[in-house]
Amino acid sequence: MRKTERFPVEGANSLWHVYKTVPFWKVIKNFIVIQLARYSPSLGFKNWLYRHLLKMKVGEQTSFGLMVMLDIMFPEKISVGRNTVIGYNTTILAHEYLIKEYRLGDVVIGNEVMIGANSTILPGVTIGDGAVVSAGTLVNRDVPPGAFVGGNPMVFIRK
């Protein structure tokens with residue numbers, strides 16, 4: 001089970017309430033920083049942007065591949081350990097805006113984790129140290145340390 005906090009809304013769907021939950025200018029700033037980092041070939045520069053401008057916790061020697069898309073509204077809820085690889089075009093979300101509610105959850109990615117290209121990590125998920133997530137995986141629940149997972153929805157290939 002993912003660890004998310006739920007916030008019910010009334011009237012229009014929760015996305016219509018977005019600027020009651022996160023400031024407009026924060027979203028604009030985050031959008032610009034994330035887009036700059038997505039296309040940057042410099043791993044060190046990306047990590048600097050994430051740590052200092054988005055307030056993320058990013059471990060030493062962690063590599064974010066080209067086109068990685070971080071949560072634009074709550075990137076500070078994402079933590080990535082040291083010497084981890086986040087593959088090309090992976091999406092990491094810390095929020096979900098639904099019809100009757102929105103949900104927020106921390107995403108914790110451990111040390112020496114390998115996340116394959118085109119994966120999606122949902123809010124409230126923890127991926128343990130040394131885990132491997134195969135390409136194209138929808139990570140919809142916690143991954144224990146050292147596990148190998150893959151698929152949509154995610155299944156355990158090896159523990």
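Predicted model: local features only at pLDDT ≥ 70, side-chain atom pairs only at ≥ 80, totals over all residues.

Biologist: Fine. How many helices and strands does the protein chain have?

Modeller: Three helices and 17 strands. Those are DSSP runs numbered from the N terminus, with helices being H or I of at least four residues and strands being E of at least two.

Biologist: And why call the protein chain as compact as a globular protein of that length?

Modeller: Because its radius of gyration is 15 Å, close to the 15 Å that the globule rule gives for 159 residues. The radius is taken over C-alpha atoms, and the rule is 2.2 Å times the number of residues to the power 0.38. Along the principal axes, the C-alpha trace spans about 45 × 35 × 20 Å.

Biologist: What share of the residues is buried?

Modeller: 47% of the 159 residues. Buried means under 20% relative accessible area, exposed over 50%, and partly exposed in between (1.4 Å probe, protein chains only).

Biologist: What about the contacts with a separation of 6 or more?

Modeller: Residues 24 or more positions apart account for 37% of those in the protein chain. A contact here means heavy atoms within 4.5 Å.

Biologist: How many charged side chains, positive and negative?

Modeller: The protein chain has 18 positive and 11 negative ones, and the centres of the two sets lie 3 Å apart. Lys and Arg count as positive, Asp and Glu as negative, with His and the chain ends not counted. The place of a charge is NZ of Lys, CZ of Arg, CG of Asp or CD of Glu.

Biologist: On to sheets. Which strands go with S10 and S13?

Modeller: S2 and S5: the four form an open sheet in the order S2-S5-S10-S13, with parallel pairing. Strands pair if DSSP finds at least two bridges between them. At the edges are S2 (57–58) and S13 (126–127), each pairing on one side only. S10 (residues 107–109) is joined to S13 by two bridges, and valine 108 stands opposite threonine 126 there.

Biologist: And what's the order of the open sheet that has S4 and S15 in it?

Modeller: S4-S7-S12-S15, four strands with parallel pairing. S4 (69–70) and S15 (138–139) are the edge strands. Two bridges link S12 (residues 120–121) with S15, where threonine 120 faces leucine 138.

Biologist: Do S16 and S17 run parallel or antiparallel?

Modeller: Antiparallel, over three bridges between S16 (residues 148–150) and S17 (residues 155–158). Glycine 150 has valine 155 as its bridge partner. The hairpin has four residues between the strands, and glycine 151 takes a positive phi near 100°. Proline 153 lies in the loop between S16 and S17, and the peptide bond from asparagine 152 to proline 153 is cis, with omega near 5°.

Biologist: Which residues other than glycine have a positive phi?

Modeller: Methionine 67 is one of them, with phi of about 70°. It sits in the loop between S3 (63–64) and S4, and at 15% relative accessible area methionine 67 is buried. Glutamate 112 also has a positive phi, near 55°. That residue is in the loop between S10 and S11 (114–115) and is partly exposed, at 45%.

Biologist: What does glycine 130 touch?

Modeller: Asn111, Glu112, Val113 and Gly146, not counting residues up to four places away in sequence. Glycine 130 is in the loop between S13 and S14 (132–133), and counts as partly exposed at 34% relative accessibility. Its C-alpha is 7.4 Å from that of alanine 147, 17 residues apart along the chain.

Biologist: Last one: is arginine 6 buried or exposed?

Modeller: Exposed, with a relative accessible area of 52%. Arginine 6 is in strand S1 (residues 5–8). Leaving aside neighbours within four places in sequence, arginine 6 is in contact with Glu101, Tyr102 and Arg103.

Technical notes: Residues numbered from 1 in each chain as written. Heavy atoms only, no water.
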